[in-house]
Amino acid sequence: MTQGITRRTALAAGGALLAAPPIVRQANAQSAFDWKRFSGERIEVSLTANPRSTILIQNQREFEDMTGIRVGAEQIPEQQHRQKFAIEFASGRPSFDVVGISLHVNKRQVGRARWCTDIKALMADASITSPDFDFADFGAGAVEYSTQSDGRMDTIPEFTDYFILYYNKELLAAKNIAVPTTFDEMYDSAKRLTEPSRQIYGNVGRGLRNANVVLYSSFLLGTQQRDFLDAQRRLISDSPDAIWAGEFYKKLLRDCSPPGVSGFNWNECQTTFMQGRAAYWLDGVGFAAPLEDRTRSRVAGKVGYAVVPRGPANHHCAMFGTGFGIAEQSRKKGAAWYYLQWASGKANQLRYLTSGAGSPARTSPYRNEEAISQSRFSREFFNTLIASARISRPGLPEIVPVTEFRDTIGAALTSTIGGADVGNELRRATEAFRPVLEASERAA
Amino acid sequence: MRKVKRIVGNIGFGFGVLMLVSPAILVFLWMLSLSLKNELDNTDYPPIFIPNPPVWDNFAAVFERNDFVKYAINSVIVSFSATGLAILLGVPAGYGIAKMRATKAAVVILIARITPGLSYLIPLFLLFQWIGLTGTVVPIIITHLVITVPIVVWIMMGFFEGLPAELEEAALVDGATIWQAFRHVAMPLAKPGITVATILAFIFSWNNFIFAMVLAGRESRTLPVAVNNMLTFEQISWGPLSAAALLVTAPVLVLTLLAQKQIVAGLTAGGVKGG
Amino acid sequence: MDGAASLAGTAATTTRRRRRNYSRRYWWFVVPCGVVVLATIIFPWVFTLYMSAHDFKLGGGREYVGFANYLKLVEDERFLLSILRTLYFTALSVVLPMVLGLLAALAFHRKFPLRGLARTIFILPMMATPVAVALVWTMMFHPQLGVLNWLLQQVGLPPSLWVYAPETVIPTLVMIEVWHWTPLVMLILLGGLASLPIDPYEAAKIDGATAFQAFWHITLPLLAPFLVVALIIRTIDALKAFDTIYVITQGGPGTASETINIFLYLQAFAYYNLGYASAVVVVFFSIIILLAMVLLWTRARVRA
C-alpha cells in the first residue's frame, strides 16, 4: 500500500474544500468553480436508511455552510425506499432532486427509463465541478458498476458492498479450527462447531426469501458458471452448477445453522452472531460497525474477518453497490450536483471507511494508513476489504424485475432449508421466472 | 364441603381471568421493559425483565434520530381531520339513512366497510400523483376517510334507529324543520353514539399504517410509518424501536383507559340492538 | 371493528321494514357524505376494473388486454396458494377469537372484584397500534433469544420456531390476530349477555338443570344472533389483515404466510404490475362478497 496520503493530508484536503470557496471566488468570479454559486437553493435528498446515509445526514450542516444550499434529506428503509423512488420517478414528478440507488437492484430499471441525468456531462463542466473532485480516485470497478450499458453514467459511485466472512474468534479457537479458505472447509468446520445443546451453531445466514438470494449467489459465484444469466441473458438458475450451489446453501443452513433460520434476515442473523451464538456469518461489510459496538454486541473485539472462501471452480465474493443519482426532472441539477460532489467526496468516503459504515467507492481512503491505524477496526478488517475488492463480482443479475426474481428464487431456496429437493425447487422457480424475464427483456 | 368447592371454584375462576388478561399485560410490560434497557440487556438470554437501572437513552434516541415530533404532529392532524370530517359527514348521513330506511345506501357503506384498504390504494395513489398532491398530508386525510366514514355512518345508523321517533315527530308537528329536529332532538339523544364513533374512528385512523406508508413523503409521514422506519438497515436496535412503539401506541391506550366506560357501553349497546 | 352497532344497523334496515318515512327530504342528510363516499370509494372501484383489463405498468404503457390478467391469475400457482392460505388464516382467526371471546364474555358478565380494571386491560390490545405491537412481537419471537421461548421453557414446553418456520408461521400470526381482536368479540357478546331475559334461567333452575345445561340450552341459543354478528365482523377483518403480516414476515418464510393481501401488495408496489394487481383486487373482492353473502344467509337462518 502506498504510504503517500496520511490522515492529516486527507483532513487537510477536507479542510481545503471547506476553505476553498472564498479564495476561488476572489480569483475568478466569472467561470471558475464556486461552492456558493447555488447559494439559497433548496434540494431534496432521498436516501436508503443505513449507516452511510446517517453519516451524510449528520454532517449535512458542513455542506449547507459551505454552499449555502439548504438540504432536506431523509432516509427510509430500503424496501420502501426502492418502491417509493421508482413510483415517484414513474409518475414523472419525483419529489427529490438527489436519490440514493442500490445498483444491484435498480440499475437497469433506472437506466432504461432514463430517470437520472448523465453525470459525465455535469462533470465535464469545469465551472460547476470542484477542482478537488478527483474522479480518477474512484475505483474502476465502482465506476463500471455505475455506468449503464449505453455508456451513460447516471449515478456517482458511493459504496461497494462485498460479502465477507465474519467469524467468532473465540469459538474457532476453542476447537482449534483454522479460518476456512474453501467452501468444503467452511462446511466441515461449521459442522464441528455446531452444538445445539449449548445453542451454539457453526453458521448463521440469511434464509428469508428475497434476502437469501445474495447469500446463495456467494456460493454460485464459486462455480464454473458464476452468474444467473448466460451470455445471451437467458436465465440459467437451474443448471447443474446452480443446483450444486443450492445444495451447498441447503446443507450449510440446514445442518449447521440455528433452527428458524429460514425466516432470518440480516437482523436476526446479526442478533444471533452478536450474542456469540454462531461461529460464521457471511454477509455485507457494513455489519462490522454494530458487531464491534461494545454497547450492543457481546462479541466486540472477538470478531474475525476473512474473504469469502474459495469455491470449487472460482474464487469470488458477491459485490453490490450504491450510487447517487440526480433526477432528470430536477430543476436544481447544479445544486444537486454539488451535493453529489460533497457526499461522494474524499472526506465522507474516509468517514465511511473509518467508522466501519462500509467500503467506500474511492480508493484514497484505503491508502490512508494513519486513519486506518487509528480506526477502532482491526487491520484484518481493512485487509479483508482490499482483498475482497480484487475478487469481487456482481452478486445479482442486472435485470429490471430484480425484486420479483429475488422473491421467486428466494422462496425456492427457503423451501430447501425445510428439506425440499434443490433441483426441483430451482427448476420450478426458474420456469416461473423465465417468462417474466423474457417479457422484461423484450420491452428493452 | 360445599364451601371448599366454592373456594376452589373461585380460585379457578380467578386463575381463568388472570389467563385472559395476562397476554395483554405480558406484551405491554415487555414493550416497556425493552424500552428501558440498554441493547446488551435487551438481547440477553435468559431475558432480563426488570430494567436495572432503567435507562432513558432509548427515548432520547427516538427523538434524536427521527423527526418524531413532526410525525406526531402529522398524526394528530391526520387523525383529527379524518375523524372530524367523518363525524361532520357521517352523523347526518347515518341519520338520513336511518330515517329513510335506505337499504341500498346502507349496502354501499357495508361494501366500503368490507373492502380491504389495500385495494383503494392503487387508484387513489395514481389519482394523487396526477393532481400533484403527494407529499402533503391532504391525501392521507382523504384516504383515512375511507376508514373513518364507514365506521361513523354504521355506528350512527344503529343509534338513530334505536331512538324513539315520537320526540322528533312531536317537534315536527310543532313546526320544526327536519334539520332542527335532527340538530336539537335526535343529536343530543345520540350523544353516546357520537362519542363512541369518534373514539373508534380516531383510534383506527391513528393506527392506520398502509395508506401513509405508500402515500406519505418526508414531510407528511405519520407515526406508525415512522416507527416502521426505525428498522434501519444494518443496525438493529430493540430499545429505541420499543421506545418508539410505546410512544406511538400510548396515546390510544390512554384514550382507551379514559373512555373505556363509553366504549364498552357504546359497543355493547349496539350489540343489544343486533339481536 | 366498528362494532356490533354497524351490523345491527343492517339488521334493522333489512328486516324491520316499517312504514317508509314520509320525507324524501332526508336525502339531503346523506348527500355530502355520499359525494365523499363516491369519490373515495366508488371511483377507485371503477378505476380498478379499468386497470384490471389493461397491462398497466407503472411508468410504462397501458395496453388493453381484456381478460388476460384474469386468465393469468387462474394459472398462477402462487396466487391460488395465497387464497388457500388466506382461508386457512381466516378460519383460525375467526374460530379462536369466537371461542375465547365467548369465554371472556361469560367471565366478565359475572361480578368479581377488580372487574372493571380487568376488563379494561383485556380490551387494550384491540386499540393498540398494530404496527408498533407487531415490531415488539417480532423481537419476542426470536427462536434463540426471544422471551416467548424462554417462557415456554419455564413451563416445561419445547421451544417453538414461531414465525421462523413455514409450519408455524400462520398459527403464530393467528395468535397475534387473536390477541388483537378477541376483545371485540367479547364486547359484542357481553352486550348480548346483558340483554338476555332472566325467566328461562329461573325455570331451568326449578327443573334442576346444571349450569352447563343452562348454558348449552338457554344461553347459547339466545346468544346466537350476537354470535353471528361477531362472526361476520371477525371474518371481514381477518380477510383484511395486512399490517401485522407485512411488518413481521412480509409473506415469508418462503411464501408460507403470503396471503392474498401480501401477494396483492407485492404485485402492485414491489413488482409494479398494477393491471395484474387490480385483477387480484377484483377476484379478492368477489371472494369477500361471496363469503359475506354466505354469512348473511347464515344469519337469516339463525333468525328464522
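Let's start where chains B and C meet: in this predicted model, 86 residues of chain C are in contact with 87 residues of chain B. If you want to know which part of chain C does most of the touching, look at helix α2, residues 27–52, which gives the most to that side with 13 residues. The make-up of the side of chain C that touches chain B is worth a look too: 61 residues are nonpolar, 18 are polar and seven are charged.

While you're in chain C, find helix α12, which covers residues 260–269. Ten of its ten residues are buried, so the helix is largely enclosed by the rest of the structure. Here "buried" means that 20 or more other C-beta atoms lie within 10 Å of a residue's own. The buried residues include C:I260, C:I262, C:F263, C:L264 and C:L266, but also C:N261 and C:Q267.

Now step across to chain B itself. A compact globule of 275 residues would have a radius of gyration near 19 Å, but chain B comes out at 23 Å. Its C-alpha atoms fill a box of roughly 75 × 75 × 30 Å along the principal axes. Even so, buried residues make up 55% of the 275 residues in chain B. As for how the chain folds back on itself, take the contacts between residues at least 6 apart in sequence: 79% of them join residues at least 24 apart.

Chain A has another make-up, with 20 helices and nine strands. What does the globule rule say about chain A? With 444 residues, a compact globule would have a radius of gyration near 22 Å, and chain A has 22 Å, which agrees. Its C-alpha trace spans about 70 × 50 × 35 Å along the principal axes. Of those 444 residues, 56% count as buried. Among contacts in chain A with a separation of 6 or more, 77% come from residues 24 or more positions apart.

Finally, see how chain A meets chain B. That contact takes 24 residues from chain A and 19 residues from chain B. On the chain A side, β2 (70–76), α4 (78–91) and α12 (266–274) each supply at least two residues, and α12(A) gives the most, with four. By class, this side of chain A has seven nonpolar, twelve polar and five charged residues.

Conventions
Residues are numbered from 1 along each chain as its sequence is written. Chains are lettered from A and ligands numbered from 1 in the order in which they are written. This is a predicted model: local features need pLDDT of at least 70, side-chain atom pairs count only at pLDDT 80 or more; totals for chains, interfaces and linings use all residues. A residue is buried if 20 or more other C-beta atoms lie within 10 Å of its own, exposed if 12 or fewer, and partly exposed in between; C-beta atoms are placed from the backbone. Two residues are in contact if their C-beta atoms, placed from the backbone, lie within 7 Å. Ala, Val, Leu, Ile, Met, Phe, Trp, Tyr, Cys and Pro count as nonpolar, Asp, Glu, Lys and Arg as charged, and the others, Gly among them, as polar. The radius of gyration is taken over C-alpha atoms; the globule rule is 2.2 Å times the number of residues to the power 0.38.
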